[in-house]
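Visitor: I would like a close look at one part of this model. Please keep it to that part and its surroundings.

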Amino acid sequence: AGTLTQRGQPRLVMVDDHLVEVPPAEHMLVIRNDDRTGMIGVVGTLLAEAEVNIANMAVGRATGADTALMVLATDHPVPDEVLTRLSGTPGILAAHRVG
């Protein structure tokens, strides 16, 4: 789901029943993960090692679920090898590149 702010700026506000708020961007990454401590750090570390800068990020939970969703806007596309590493990381259930 999306909306416009009072200033007319677009925002993504819901993805698969997870509340988030992030401006759409040319390069985005959507990650579904276990809702547990350290998952944001795992993703941030893998992106940093690949020199992928995070421009914006939102994290949201689904009501009654034990999963969370990260929606990240990045300055550059996430390389295939990083996407593969993310997908194979314990606690990460799915990782998808958008754009």
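Which residues does H27 touch, not counting residues up to four places away in sequence?

Guide: H27 touches L72, A73, T74, D75, H76, P77, V98 and G99. Contact here means heavy atoms within 4.5 Å. This is a predicted model: local features need pLDDT of at least 70, side-chain atom pairs count only at pLDDT 80 or more, and totals for chains, interfaces and linings use all residues. Numbering starts from 1 along each chain as its sequence is written, and side-chain values use heavy atoms, with hydrogens and water left out.

H27 sits in the loop between β3 and β4. Strands (E, at least two residues) and helices (H or I, at least four) are DSSP runs, numbered from the N terminus. H27 is buried, at a relative accessible area of 14%. Buried means under 20% relative accessible area, exposed over 50%, and partly exposed in between, with a 1.4 Å probe and protein chains only.

Now the sheet. Four strands make an open sheet in the order β5-β6-β4-β7, with antiparallel pairing. The edges are β5 (54–61) and β7 (92–98); each has a single partner strand, so one side of each lacks a neighbour in the sheet. Neighbouring strands are turned by 15 degrees against each other on average, direction ignored. Two strands pair if DSSP finds at least two bridges between them.

Take β6 next. L72, A73 and T74 touch H27, and these residues also belong to the covered faces of β6. T67, L69, V71 and A73 are buried on one side; A68, M70, L72 and T74 are buried on the other. Eight of the eight residues of β6 are buried, so the strand is largely enclosed by the rest of the structure.

β6 joins β4 through seven antiparallel bridges. There V30 stands opposite V71. β6 also pairs with β5 in the antiparallel sense, over seven bridges, and V59 stands opposite M70. Five residues lie between β5 and β6 in their hairpin, where G64 takes a positive phi near 75 degrees.

Follow β4 (residues 28–34) to β7: the two pair antiparallel over six bridges. R32 has A94 of β7 as its bridge partner.

Two helices lie across these strands. α1 (residues 39–49) lies across β4, β5, β6 and β7, at about 30 degrees to β6. α2 (residues 80–87) lies across β4 and β7, at about 160 degrees to β7. Axes are lines fitted to C-alpha atoms, for helices over the stretch in contact, and angles run from 0 to 180 degrees between N-to-C directions.
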